[in-house]
Amino acid sequence: MEVNNKTVPVTGQQDQNTISLDLMNRMKLHGMAEAFRESLAGTTPQSMTADTFLSMLLAREWDYRSQAAIARLTKNAAFRYKAYIEQIDYATNRGLDRNQMERLATLDFVHKAQNLFITGSSGTGKSYLACALGHEACKRGFRTFYANAPKLLGALKVAKVKGTLEAELKKIERCQLLILDDLFIVPLDAKERPILLEIIEDRHERKSVIITSQYPSSNWYDMVGDPTIADAILDRIIHTAHTIELYGESMRKLKSKKNENFKKGKIILPPNTRTLKGQSYSTKRWANLAWPKGSKLSGFSSWQGGMMK
């Protein structure tokens, strides 16, 4: 017969610390239990007052639950990329303003139920930026949902046929931040228009949406297809939206070029490095150069990854 851990009595034959650990785990205070277990292996309790020790245990439990919540929110968001604000590339010339991104990363626009449009040609990093902001939202405790817009609308059309559309829309509505990636990559059809309108209507002035698209927002009216529905959709999202307009060469293409150059042994020499006029070095020749021991340039493998063209 299955035993309920919440009602099993405490065994008096066990020592007090074992009983405490058992009770912590029964009550699912796993962070506190881990901290208490670590303290038993060291001298932490002896160097702390009772109230300080209790404060430490509570802080560890809070951290444990916070990390678990972030992991759960991130998993449920189903992001396309593992993208983080700290890893955004500002060096590539693509029209990305660092100050604007840092302001957006505060998520003030989510608190105010405002929207964000990220537009630009394929490969300029629209989806990555959207996922980075989405991940930041999860870290701040916002329920977030990422979806490729054409796939989502296609799935919702099937749900409508099955009679489960309302339930699916309720799931989307509960999210405080919705990311619609690659919206309008193809024009909407007659069945998708009212579904998109309903999604936008549910969020109007209540919750935020991030939209990425290859087309600027000035072209979206034509991509919706129906003038009446286009007016209704755009009127609900345009007026409270922030905009990032990207341009330039595909980031994927640039990355491919860097990898190709690295394979060919083409590298950029570190600043202030002396070279023979007109001479370039292959990775093999560069690695074999005899730099003085202790020099910043000794040990080619330690810095070669960041020096390719």
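## Salt bridges

A search of the whole structure, which is a predicted model, finds 16 salt bridges. One of them pairs Arg 80 with Asp 181, whose closest N and O atoms are 3.8 Å apart. This pair links distant parts of the chain, 101 residues apart: Arg 80 sits in the loop between α3 and α4, and Asp 181 in strand β3. Arg 80 counts as partly exposed because its relative accessibility is 45%. Asp 181, with a relative accessible area of 0%, is buried.

Glu 192 forms a salt bridge with Lys 157, and here the closest N and O atoms are 3.6 Å apart. Glu 192 belongs to helix α9 (residues 192–203) and Lys 157 to helix α7 (residues 149–162), so the bridge ties together parts that are 35 residues apart in sequence. The relative accessible area of Glu 192 is 9%, so Glu 192 is buried. Lys 157 counts as partly exposed, at 23% relative accessibility.

## A network of charged side chains

Salt bridges that share partners join Glu 86, Glu 136, Lys 139 and Arg 140 into one network. Within this group, Arg 140 forms a salt bridge with Glu 136, with 3.3 Å between the closest N and O atoms. Glu 136 is buried, at 9% relative accessible area, whereas Arg 140 is partly exposed, at 45%.

## Arg 94: a buried charge without a salt bridge

Arg 94 is found in the loop between α3 (50–77) and α4 (98–104). Arg 94 is buried yet has no salt bridge.

The side chain of Arg 94 does reach the backbone oxygen of Asp 89, at 2.8 Å. Leaving out residues up to four places away in sequence, Arg 94 touches Ile 88, Asp 89, Thr 124, Gly 125, Glu 245, Leu 246, Tyr 247 and Met 251.

## Nonpolar cores

The largest nonpolar core has 29 residues, and those with the most contacts inside it are Met 101, Leu 116, Ile 118, Ile 210 and Ile 244. Two or more residues of this core come from each of α3, α4, α5 (108–111), β1 (115–119), α6 (126–139) and β3 (177–181). The largest share, seven residues, is given by α6.

Beyond its neighbours within four places in sequence, Leu 116 is in contact with Leu 104, Phe 109, Leu 133, Val 209, Ile 210, Ile 211, His 242, Thr 243 and Ile 244. Another core, of 28 residues, lies apart from the largest one and includes Leu 169, Val 209, Val 224 and Ile 233.

## Helix α8

Lys 170 is found in helix α8 (residues 165–173). With a relative accessibility of 47%, Lys 170 counts as partly exposed.

## The chain as a whole

The protein chain contains 13 helices and five strands. Of its 309 residues, 36% are buried. Among contacts with a separation of 6 or more, 75% are between residues 24 or more positions apart. The chain exposes about 18,900 Å², and carbon and sulfur atoms supply 52% of that area.

Key:
Residues numbered from 1 in each chain as written. Predicted model: local features only at pLDDT ≥ 70, side-chain atom pairs only at ≥ 80, totals over all residues. Heavy atoms only, no water. Helix = DSSP H or I, 4+ residues; strand = E, 2+ residues; numbered from the N terminus. Buried < 20%, exposed > 50% of the residue type's maximum accessible area, 1.4 Å probe, protein only. Lys, Arg positive; Asp, Glu negative; His and termini not counted. Salt bridge = Lys/Arg side-chain N within 4 Å of Asp/Glu carboxyl O. Polar contact = N/O pair within 3.5 Å; in protein donor to acceptor, adjacent residues only side chain to side chain. Contact = heavy atoms within 4.5 Å. Areas by Shrake-Rupley, 256 points an atom, 1.4 Å probe, with all protein chains shown as cover. Core = buried A, V, L, I, M, F, W, Y, C linked by side-chain atoms within 4.5 Å.
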